[in-house]
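Biologist: I would like to go through this model feature by feature. Please give the general idea each time, then the case at hand.

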Amino acid sequence: MNPLRPVILAAAASPRMKRALTGTPVTAEIVRRFVPGESRAELAPVVRALLDSGRLISIDYLGENTTDRARADATVAEYLSLINELAAADRSARPDGAAMPVEVSVKLSALGQALPVDGPAIATDNLRTVCTKAAEAGVWVTVDAEDHTTTDATLAAVRELRPEFPWLGMVLQSYLHRTRDDCAEFAGPGSRIRLCKGAYREPAAVAYQRAVEVTDSYLRCLEILMRGRGYPMVASHDPALVSAAQRMAAESGRGTGEFEHQMLYGVRDAEQLRLARAGHPMRVYVPYGDEWYGYLTRRLAERPANLAFFLRALAGDRDQTSGLPSRRRLRRSHR
């Protein structure tokens with residue numbers, strides 16, 4: 001794995017590093033590669049462009065580990081407004097059974113799961129409110145995975161709400177030792193599972209540490225999902241895993257519309273377009289909001305190419321007169 005990954009993930013938890021980076025004008029420019037804006041107004045044109053390109057979208061309002069009830073309530077209110085706007089933006093017609101073009105991704109710790117009193121119950125109730133609104137608007141919801149200490153509570157919330165909202169999706173992370181068993185449990189009819197490798201710093205007692213082990217676990221988990229009766233969502237930029245997903249789908253008798261690929265906004269845009277134009281459902285995970293620091297550091301830790309891009313912009317691509325990165329060059333590099 002990226003040898004700098006532990007260092008970068010440690011920086012994600014450092015208030016001092018956060019102050020240093022978030023106070024740098026350069027960082028604000030670079031983060032736009034991965035986070036298109038801090039408001040729904042800034043998000044709107046990105047949503048329109050992605051949908052017009054034939055891609056599907058999943059929107060994440062950034063924030064996690066909320067310990068203030070008012071903040072959790074404000075996050076719910078933001079999601080309700082977001083769902084209204086996404087429903088208005090989705091003007092496409094689709095055949096019965098086709099994937100919803102628009103979805104929101106929700107972290108339960110942002111909805112109050114970490115509150116000191118009754119946090120899991122509050123988060124579950126808040127998730128129910130979001131899902132109720134989404135069902136009315138024709139928008140899907142997927143519950144994001146967080147660090148391993150939240151997994152049991154997150155799965156419990158999904159189990160509780162699935163009878164009401166059978167389309168409710170969830171994320172499983174292949175680097176956790178437990179995930180094959182979780183995939184087997186949640187591979188039933190109608191179940192939507194987003195499978196990713198995992199982005200948090202986890203101990204060896206609960207998670208694989210070597211890249212080859214994480215990839216091997218991903219393939220084993222994906223095979224379980226593909227042979228199940230749910231709807232696998234293949235969240236990976238790895239070309240080998242993209243190809244493996246299509247091979248497994250064919251071997252298990254799945255049609256093109258019976259699983260989907262997912263990639264992050266700002267990563268492998270050309271490949272996203274290629275998959276969409278080839279007729280594969282291709283969903284782009286798009287975050288927005290001002291709580292982007294943790295998200296950005298995890299993206300840098302995941303792929304050396306992301307870190308190299310960031311460091312080049314900080315250290316090498318500088319305007320000769322101002323000492324800051326050239327805005328013209330930055331805009332070009334984002335395309």
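**Reading the model**

Modeller: Threonine 154 counts as buried, at 8% relative accessibility; buried means under 20% relative accessible area, exposed over 50% and partly exposed in between, with a 1.4 Å probe and protein chains only. This is a predicted model, in which local features need pLDDT of at least 70 and side-chain atom pairs count only at pLDDT 80 or more, while totals for chains, interfaces and linings use all residues. Residues are numbered from 1 along each chain as its sequence is written, and side-chain values use heavy atoms, with hydrogens and water left out.

Biologist: Where does threonine 154 lie, and which residues is it in contact with, leaving aside neighbours within four places in sequence?

Modeller: Contact means heavy atoms within 4.5 Å. Helices (H or I, at least four residues) and strands (E, at least two) are DSSP runs numbered from the N terminus. Threonine 154 is in helix H7, residues 151-161. Beyond its neighbours within four places in sequence, threonine 154 touches Leu108, Gln113, Val143 and Asp144.

Biologist: In what order do the eight strands close into a barrel?

Modeller: Strands pair if DSSP finds at least two bridges between them. Here the order is E1-E2-E3-E4-E5-E6-E7-E8, with parallel pairing. From one strand to the next the twist averages 30°; axes are lines fitted to C-alpha atoms, for helices over the stretch in contact, and angles run from 0 to 180 degrees between N-to-C directions. Strands E2 (residues 102-106) and E3 (residues 140-143) run parallel and are joined by four bridges. Serine 105 stands opposite threonine 142 in E3.

Biologist: Which strands does helix H11 lie across?

Modeller: Helix H11 (residues 269-277) lies across E7 (260-264) and E8 (282-288), and runs at about 160° to E7.

Biologist: How many aromatic pairs does the structure hold?

Modeller: A pair of aromatic rings is described by the distance of the centres and the angle of the planes. Rings of Phe, Tyr and Trp (its six-membered ring) pair if their centres lie within 6.5 Å; planes under 30 degrees apart count as stacked, over 60 as edge-to-face and the rest as tilted. There are four such pairs. One aromatic cluster is formed by Tyr61, Tyr79 and Tyr288.

Biologist: Which residue lies over the face of tryptophan 140?

Modeller: A charge sits over a ring if NZ of Lys or CZ of Arg is within 6 Å of the ring centre and within 35 degrees of the ring normal. Arginine 192 lies over that face, 4.1 Å from the ring centre.
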